[in-house]
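Here is a brisk report on one structure. Keep the sequence and the coordinates open while reading.

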Amino acid sequence: MSLPVPLTKRLIAEFIGTFWLVLGGCGSAVLAANFPYGDGGNPLGLGFLGVALAFGLTVFTLAYGFGHISGAHFNPAVSFGLWAGKRFSGADLLPYIISQVLGAILAGGVIYLIAQDRPGFALSGSNPLATNGWGVHSPGGYGFWSALLIEVVLTFVFLLVILGSTDRRAPKGFAPAAIGLALTLIHLISIPVTNTSVNPARSTGVALFAGLSHVSQLWLFWLAPIGGAVLAGWLYYSVFEPSVTTEEYVREREVV
């Protein structure tokens, strides 16, 4: 079911929200994770923990800011997962995904323009511009199957957190915190494996500026997150959503 907000306004919110997620998360990885640049001690750099927190904070902040407008998906996998869980209209899937990808590409371009202004910056190494990948593009050298498995599993759990925390039976007002913390934990687990995607738009937005070898691996970071999200949506709807009979029983008990 569509939200009672005009589609155009929701798409603008998704564009801005995805832009903020990629700028905040990937921007922290590119610009602040290893500062001072080239210094082995990195006494001021954010490191993995800081980057993980940055991704969580982007979702935390704009889930409160735009959740009531667009649902605060900011991620094609989330849109697919909510659709599979009967929380989102299939007619809005493509417009949402286009807005999310465009927002991510704009953020990737902004990060690239800022980063290339630094002397010595080059699109080299396993993950320039905080790209995702396996093999030579995995921070820890993990292979294809590890990348596939961790992206499916973590996106699956991420969607369960989203569906559960936004369930009408869940405590009100805490969903953005739960979702932001879940994304932080996901990054703490998987940055060494794939540099953490769980979001096809996030992966696309920076890969397009990083070179063909990164673009050639993008398909996995669409397939795996969407697959995990759809599985989670189906499972939550099939197993955890209350039946009509249960809801009627609760209403009857409240009347009594």
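## Asn127 and its loop

This is a predicted model. Setting aside neighbours within four places in sequence, Asn127 contacts Asn132, Gly133, His137, Ser138, Pro139 and Asn195. Asn127 sits in the loop between α4 and α5. Its side chain reaches the backbone oxygen of His137 at 2.8 Å.

Is Asn127 buried or exposed? Its relative accessibility is 17%, and the cut-off for buried is under 20%, so Asn127 counts as buried.

Most residues other than glycine have a negative phi. Asn195, one of the contacts of Asn127, has a positive phi near 70° and is not a glycine. Asn195 lies in the loop between α6 and α7. At 14% relative accessibility, Asn195 is buried.

Lys86 is another non-glycine residue with a positive phi, about 65°. Lys86 belongs to the loop between α3 and α4. Its relative accessibility is 56%, which counts as exposed.

## Asn75 and its loop

Asn75 is placed in the loop between α2 (47-70) and α3 (76-84). Its relative accessible area is 3%, so Asn75 is buried. Which backbone oxygen does the side chain of Asn75 reach? That of Val198, at 2.8 Å.

Beyond four places in sequence, Asn75 is in contact with Glu14, Gln100, Phe158, Val198, Asn199 and Pro200. Phe158 is a buried residue of α5.

## Helix α5

Helix α5 covers residues 144-165. Why does its length agree with a helix? At 1.5 Å a residue, its 22 residues should span 32 Å, and the end C-alpha atoms are 32 Å apart.

Buried residues of α5 are Ala147, Leu148, Ile150, Glu151, Leu154, Thr155, Phe156, Phe158, Leu159, Ile162, Leu163 and Ser165.

Phe156 lies in α5. Leaving out residues up to four places away in sequence, Phe156 touches Gly228, Leu231, Ala232 and Leu235. Phe156 and Leu235 are 79 residues apart in sequence, yet 9.8 Å apart in space, C-alpha to C-alpha. On the same terms, Leu159 touches Ala77, Val78, Gly81, Leu82, Ala229 and Ala232.

## Helix α9

What is the reach of α9 from its first C-alpha to its last? The helix has 21 residues and reaches 29 Å, close to the 30 Å expected at 1.5 Å a residue. Its buried residues are Leu220, Phe221, Ala224, Pro225, Ile226, Gly228, Ala229, Ala232, Gly233 and Tyr236. The elements covering them include α3, α5, α6 and α7.

Gly227 also belongs to α9. Its relative accessible area is 38%, so Gly227 is partly exposed. Gly227 and Thr18 are 209 residues apart in sequence and 20 Å apart in space, C-alpha to C-alpha.

## Nonpolar cores

The largest nonpolar core has 52 residues. Val22, Cys26, Phe158, Leu159 and Ile162 have the most contacts inside this core. Elements giving two or more residues to it are α1 (7-31), α2, α3, α4 (93-115), α5, α6, α7 (200-207) and α9. Which element gives the most to this core? It is α4, with eight residues.

Another core, of six residues, lies apart from the largest one. Its members include Ala147, Leu220, Phe221 and Ala224.

## Confidence

The chain averages a pLDDT of 91, and 90% of the residues score at least 70. Where does pLDDT stay under 50? Over residues 246-256, for which the model has two contacts beyond four places in sequence. Where pLDDT is low, the predicted coordinates should not be read in detail.

How values were computed: Residues numbered from 1 in each chain as written. Predicted model: local features only at pLDDT ≥ 70, side-chain atom pairs only at ≥ 80, totals over all residues. Heavy atoms only, no water. Helix = DSSP H or I, 4+ residues; strand = E, 2+ residues; numbered from the N terminus. Buried < 20%, exposed > 50% of the residue type's maximum accessible area, 1.4 Å probe, protein only. Polar contact = N/O pair within 3.5 Å; in protein donor to acceptor, adjacent residues only side chain to side chain. Contact = heavy atoms within 4.5 Å. Expected span 1.5 Å × (residues − 1). Core = buried A, V, L, I, M, F, W, Y, C linked by side-chain atoms within 4.5 Å. pLDDT = per-residue confidence, 0-100.
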